[in-house]
Every structure is written in C-alpha cells, then in structure tokens.
Amino acid sequence: MELRQLRYFVTIVDEGGFTRAAERLHLTQPGLSTQLRQLERELGQRLLDRGARTVTLTEVGAAVLEHARAALAAADRIGDTVGEFTGLLRGQVRLGMISGAASEVFDVAGVLADFHHDHPQVGISLTEDTAERMLAGVEHGDLDIALTGLTGAPMTSGIGLHVILHTALVAAVAHDAPAESAGTIALRALADRRLICLTRGTGLRGIFERSCAAADFTPNIAFEAAAPPLLLELAARGLGTAIVPALTPAEADAFGVRSLDIVDPTIHGRLALAWRTDPPPSPAAKVLLGQLRIAFGGHTSAVDR
C-alpha cells in the first residue's frame with residue numbers, strides 16, 4: 001500500500017468519479033483505474049462500485065475512507081513539521097471571512113499579499129460566507145482560520161478565539177422620526193417596531209435575536225440585507241428601525257439617520273479570528289494566524305471547554 005494510492009482513492013471519492021479525478025491528478029483514466037485496482041488487491045476488498053457514470057463507496061470503502069484521509073493528513077503534517085525546522089513553509093491554508101469584513105481597517109488583502117511574498121510555496125484559499133457557516137467550517141476542519149462575527153451561540157470545545165473588535169448594536173431611525181428621550185431606546189421597546197436587520201447566520205443577527213429571546217419577545221423583521229449601508233438607507237426612507245453596529249455622528253448624518261443606543265440591556269457584537277486548537281493548526285496556518293493577529297490587534301480568548 002502506498003500513500004499515493006490512498007490519495008488517488010480519496011480524490012476519486014471527492015470528485016465523484018474517475019474522469020474528473022484523473023484530470024485533477026494529471027493522470028490518464030486507465031492509469032488511475034490500474035492504481036486503484038492495485039490498492040484493492042493489496043487490501044483484498046473492493047473499495048468502489050463502478051457504475052456507467054458514477055462510482056459509489058462499498059461498505060468497506062466507506063470504512064477505509066476515514067482512515068485514508070487521516071493517513072494523508074498525518075503525512076502532510078510530517079512535511080509541515082520538517083518545513084518548520086528548515087524555515088520553508090509548504091502546504092495550503094484555507095481562510096474564511098464574513099462578507100464585508102475586508103476594509104481599510106482590516107486589510108486582509110494586504111496581509112495575504114505579505115504572507116504570499118514571504119512563503120510562496122504555501123497555497124492560500126479565501127472564501128466568504130455567513131458567520132454561522134464560517135464557524136462550522138472551522139469546527140469541521142474545512143477551514144484553518146476564519147475572520148467571523150460571533151453569534152452568541154455556545155462554542156464547540158477546541159476552538160481558539162482572538163477578538164479583534166467589540167461594537168455596540170444601535171437602532172437607527174430616519175432623521176424626521178419622533179425623537180426618543182436621551183437618544184436611547186430600551187430593547188423591549190423594539191418589540192413593537194418594524195425592524196431592518198442583517199440576514200440570518202450573521203453574528204450581529206444571532207446576538208440580537210438571542211437578546212430578544214432573553215427579553216421574551218420575537219423581533220418583527222420587516223427587511224433584511226447582507227450589508228449595513230443598505231439597512232441604513234432603508235431606515236432613512238422611513239421603512240423601519242435598522243439594527244446596526246454603532247455609528248459616529250458623521251456616519252449617521254451621511255446616511256440621513258439618527259442613532260439610538262439600545263439599553264436595558266446594551267448589546268455588543270464581536271468580530272474575531274477563530275481556529276481549531278485540537279488538532280492544532282498546521283505550521284503555515286499558524287504563521288498566517290500570527291500575522292493576522294498582529295495586523296488586526298485585539299486579544300485572545302481561547303475557548304476549550
């Protein structure tokens with residue numbers, strides 16, 4: 001049994017067939033089929049049922065797949081460990097990010113460019129999605145690092161967090177809306193309002209809905225969108241009360257809204273870097289994580305319970 005044969009087997013499963021797997025591996029399809037048959041002869045069992053257009057795992061193949069993935073991951077870690085001693089990082093780092101996180105404040109592109117310049121043999125992938133999916137990706141090992149909002153849901157054990165931003169949630173209303181006393185509004189008073197919120201799965205939406213549930217009401221979400229600027233534009237047109245991150249007076253004026261601090265209780269969102277601590281990140285992911293933490297500041301709060 002050879003590692004390359006295990007890699008071929010896993011790739012066939014991941015690609016759903018021999019044709020696409022052969023293209024990905026830069027092999028001929030007959031050559032790939034030969035390698036898999038050799039692996040099956042070595043094991044004495046068929047791993048795949050070959051159909052006219054698809055392949056499916058046999059019962060033995062499904063059991064072997066988990067161990068094949070673990071063996072390949074272990075082999076990769078051996079190479080990474082040697083790379084740490086030689087100073088040459090290799091491998092792949094998978095970074096996830098919530099939509100809209102990259103900005104002048106969080107120059108993700110700049111950090112990645114510097115990392116690539118220093119470690120050209122490390123591949124980098126970047127995806128955008130909701131906070132819930134980013135955290136699930138880290139938990140399941142599909143992502144090495146995520147720049148994500150925290151939803152307020154209990155964290156899975158073995159997740160490290162480096163919080164880089166705390167922000168209060170505020171209620172934004174049109175400039176000509178009836179004035180609120182002292183520029184504040186109690187959370188419970190939002191129960192009777194048409195609200196404009198970020199979409200489900202975002203960190204701020206999760207925090208807000210959990211706070212409403214604790215106050216014993218379900219918020220009336222009339223509009224939702226993926227970006228705070230659109231929420232503010234809707235509020236400025238009198239379509240409801242937008243729940244957004246804290247605004248400076250200049251930002252509120254620019255969007256044509258008034259900002260009301262939510263009180264009783266106040267609500268805070270958090271933006272954080274998240275990664276798995278068990279198993280620990282690869283050497284390449286560890287270096288990129290360090291660069292992101294330095295670039296973005298904040299503080300570490302390891303969650304391992």
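**Close-up views of a predicted model**

**View 1. Asp-253 on helix α9.** Asp-253 is exposed, with a relative accessible area of 53%. The cut-off for exposed is over 50%. Asp-253 sits in helix α9, which covers residues 249-255. Pro-280 is 27 residues from Asp-253 along the chain, and the two C-alpha atoms are 46 Å apart. As in every view here, the model is predicted.

**View 2. The whole chain.** The protein chain holds 10 helices and 13 strands. Its radius of gyration is 25 Å, well over the 19 Å that the globule rule gives for 305 residues, so the chain is more spread out than a compact globule. The C-alpha trace spans about 80 × 45 × 35 Å along its principal axes. Of the 305 residues, 41% are buried. Take the contacts between residues at least 6 apart in sequence: 75% of them join residues at least 24 apart.

**View 3. Helix α1 against helix α3.** Helix α1 (residues 3-15) packs on helix α3 (residues 29-43) at an angle of about 115°, and the axes are 9 Å apart. That angle makes α1 roughly perpendicular to α3. The crossing of α1 past α3 is left-handed. From α1, the contact uses Arg-4, Gln-5, Leu-6, Tyr-8, Phe-9 and Ile-12. From α3, it uses Leu-32, Gln-35, Leu-36, Gln-38 and Leu-39. Seven residues of this α1 and α3 contact are nonpolar, three are polar and one is charged.

**View 4. Helix α2 against helix α3.** Helix α2 (residues 18-25) also packs on α3, at about 100° and with the axes 9 Å apart. α2 is therefore roughly perpendicular to α3. Phe-18, Thr-19, Ala-21, Ala-22 and Leu-25 are the α2 side of the contact. Gln-29, Leu-32, Ser-33 and Leu-36 are the α3 side. The contact of α2 with α3 has six nonpolar and three polar residues, with no charged ones. Leu-32 and Leu-36 of α3 take part in the contact with α2 and in the contact with α1.

**View 5. Helix α5 against helix α10.** The axes of helix α5 (residues 108-118) and helix α10 (residues 283-296) come within 10 Å and cross at roughly 140°. The two helices are therefore oblique to each other. α5 passes α10 in a right-handed crossing. α5 contributes Val-108, Val-111, Leu-112, Asp-114, Phe-115 and Asp-118 to the contact. α10 contributes Ala-284, Val-287, Leu-288, Gln-291, Leu-292, Ala-295 and Phe-296. By class, the contact of α5 with α10 has 10 nonpolar residues, one polar and two charged.

**View 6. The loop between β11 and β12.** Asp-264 lies in the loop between β11 and β12. Its phi is near 55°, a positive value in a residue other than glycine. Asp-264 is exposed, with a relative accessible area of 64%. A cis peptide bond links Asp-264 to Pro-265, with omega about 5°. Pro-265 is in the loop from β11 (257-263) to β12 (268-276).

**View 7. The cis bond at Pro-279.** The peptide bond from Asp-278 to Pro-279 is cis, and omega is near 0°. Pro-279 belongs to the loop between β12 and α10.

**View 8. Asp-216 in a loop.** Asp-216 is found between α7 (203-214) and β9 (220-225), in the loop. Phi of Asp-216 is near 70°, a positive value in a residue other than glycine. Asp-216 counts as exposed, at 66% relative accessibility.

Technical notes
Residues numbered from 1 in each chain as written. Predicted model: local features only at pLDDT ≥ 70, side-chain atom pairs only at ≥ 80, totals over all residues. Heavy atoms only, no water. Axes fitted to C-alpha atoms, helices over the stretch in contact; angles between N-to-C directions. Helix = DSSP H or I, 4+ residues; strand = E, 2+ residues; numbered from the N terminus. Parallel < 35°, antiparallel > 145°, perpendicular 65-115°, else oblique. Left-handed = near helix turned anticlockwise from the far one by under 90°. Contact = heavy atoms within 4.5 Å. Nonpolar A, V, L, I, M, F, W, Y, C, P; charged D, E, K, R; others polar. Rg over C-alpha atoms; globule rule 2.2 N^0.38 Å. Buried < 20%, exposed > 50% of the residue type's maximum accessible area, 1.4 Å probe, protein only.
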